[in-house]
Amino acid sequence: MNDASAAPRPRPNPGIMDIEAYVPGKSHGSAGVATVYKLSSNENPFGASPAAIEAATAAAARMEFYPDGAAMRLRRAIAEAHGLNVANIMCFNGSDEVLSLLARIYLTPGDEGIYTEHGFLAYKIYIQASGATPVMARETEERADVDAILAAVTARTRIVFLANPNNPTGTYLPFEEIRRLHAGLPSNVLLVIDAAYAEYVRRNDYAAGIELVAGAENAVMTRTFSKVHGLGGARIGWAYVPPHVAQALERVRDPFNVNAMAIEAGIAAMGDRAHVERSVAHNNHWLGWLTGELSQLGLRVTPSVGNFLLIHFPEAKPDSAAAADEFLAARGYILRRVSSYGFPNALRMTIGTEAANRGVAAALAEFLKG
Ligand SMILES: *Cc1c(COP(=O)(O)O)cnc(C)c1O
């Protein structure tokens with residue numbers, strides 16, 4: 001080593017050290033708690049499809065072989081399930097990878113990327129990591145606001161990230177609003193619709209964005225196996241993109257970005273419709289039940305169409321979300337603090353098993369009495 005005090009160190013590009021690193025949901029309960037319910041990362045309480053576990057396990061026995069770099073069989077399985085052209089589908093190491101690559105491809109220092117006030121935090125991070133300027137568009141009643149997004153567009157805007165439904169609010173924009181947003185954007189601005197929770201939405205006016213991407217040169221839709229398919233640990237995301245975007249992504253992605261076990265798990269998961277339907281039906285029931293129970297306790301709950309709920313604590317007691325978080329963790333219920341999303345006095349709760357849901361409702365009733 002040379003003289004450390006004098007020698008200049010490698011320096012990250014401008015903007016990198018301004019990033020507030022992403023903090024994932026907690027995964028451990030307090031010491032001494034018998035049963036821990038992890039309700040902090042919107043994972044499927046039923047886990048992965050047994051068929052996916054079996055397929056990944058079988059693939060693990062052959063892990064000396066590189067995977068198919070094009071993930072062709074997985075792409076075909078997705079294409080068939082959704083009635084799409086396989087050439088427009090690309091798979092990634094989680095949808096986070098494609099969100100990050102899109103920022104890297106389309107943003108350069110001096111450019112602007114738009115995200116919404118309570119939008120998924122990864123967007124801002126990826127915009128900053130590209131050296132570009134993140135521009136926040138305000139929301140209205142905890143929902144993305146198309147007029148505010150369009151008003152935030154400047155000559156430097158190159159990308160708009162929108163989660164629909166959004167995490168952590170659980171709110172969504174009807175497809176008509178997405179169309180209006182797209183119609184109002186300049187043709188050189190890429191609209192990224194992150195539909196990570198699309199499978200859970202039971203609303204007639206919702207669409208994930210497939211029809212929009214099919215007819216546009218400047219829109220993409222991203223999806224994930226991490227939520228309804230229960231494969232967060234396997235890291236599989238996919239995107240539906242116009243050919244010119246696919247050509248750019250093909251140049252910058254890692255050649256073997258989706259691993260062999262993930263490919264097999266994903267194919268099996270796509271084939272297990274029953275697992276998805278069961279998960280969605282369970283979610284639908286308990287989302288409604290919890291919304292009702294928590295509202296009766298006097299807590300405001302943002303109306304959600306996802307597999308999670310944003311629970312607001314009384315404004316008169318600004319520290320009560322933190323206190324409730326500790327109270328719940330001591331009983332084995334791990335929720336998510338959301339201060340970094342602009343909600344200092346709220347918690348996000350993933351819809352869990354019946355035992356978890358009933359347990360949280362009962363614990364919160366006890367907490368509020370105390
Ligand atoms: C969970 C989530 C994702 C999924 O990320 P993966 O990398 O696919 O696990 C993407 N976007 C939003 C808004 C999410 O909440």
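Reply: Begin with residue classes: Ala, Val, Leu, Ile, Met, Phe, Trp, Tyr, Cys and Pro count as nonpolar, Asp, Glu, Lys and Arg as charged, and the others, Gly among them, as polar. This is a predicted model, in which local features need pLDDT of at least 70 and side-chain atom pairs count only at pLDDT 80 or more, while totals for chains, interfaces and linings use all residues. Residues are numbered from 1 along each chain as its sequence is written, and side-chain values use heavy atoms, with hydrogens and water left out.

Me: How much space lies in the largest pocket?

Reply: The general idea comes before the number. Rolling a probe the size of a water molecule over the atoms shows where empty space is left. On a 1 Å grid over the protein atoms alone, a cavity is a set of points where a 1.4 Å probe fits but cannot get out, and a pocket is an open set with protein on both sides within 12 Å along at least five of seven lines; lining residues have an atom within 4 Å of a point. Grid points are joined across faces, edges and corners, and a volume is the space filled by probe spheres set on the points. Here the largest pocket holds about 610 Å³. It is lined by 31 residues, and Tyr22, Asp96, Phe120, Lys227 and Arg235 are the closest to its centre.

Me: Which residues are closest to the centre of the second largest pocket?

Reply: The second largest pocket has about 460 Å³ of space. Of its 24 lining residues, Glu20, Ala21, Leu121, Ser340 and Tyr341 are the closest to the centre. Its lining divides into 11 nonpolar, 6 polar and 7 charged residues. Domain 1 and domain 2 both contribute to this lining too, so the second largest pocket lies between them.

Me: How many cavities of 30 Å³ or more does the structure hold?

Reply: There are 2 of them. The largest cavity has a volume of about 80 Å³. Its lining is made of 15 residues, with Thr116, Ala144, Leu162, Ala163 and Asn166 the closest to its centre. The second largest cavity has a volume of about 40 Å³, and its lining has 4 nonpolar, 4 polar and no charged residues.

Me: Is strand β10 enclosed or open?

Reply: Helices (H or I, at least four residues) and strands (E, at least two) are DSSP runs, numbered from the N terminus. Buried means under 20% relative accessible area, exposed over 50%, partly exposed in between (1.4 Å probe, protein chains only). In β10 (residues 308-312), 5 of the 5 residues are buried, so the strand is largely enclosed by the rest of the structure. Phe308, Leu310 and His312 are buried on one side, and Leu309 and Ile311 on the other.

Me: Which strands pair with β10?

Reply: Two strands pair if DSSP finds at least two bridges between them. β9 (residues 300-302) pairs with β10 in the antiparallel sense over 3 bridges. β13 (residues 343-350) also runs antiparallel to β10, joined by 5 bridges, and Ile311 stands opposite Leu347 in β13.

Notes:
Domains from an automatic or database assignment.
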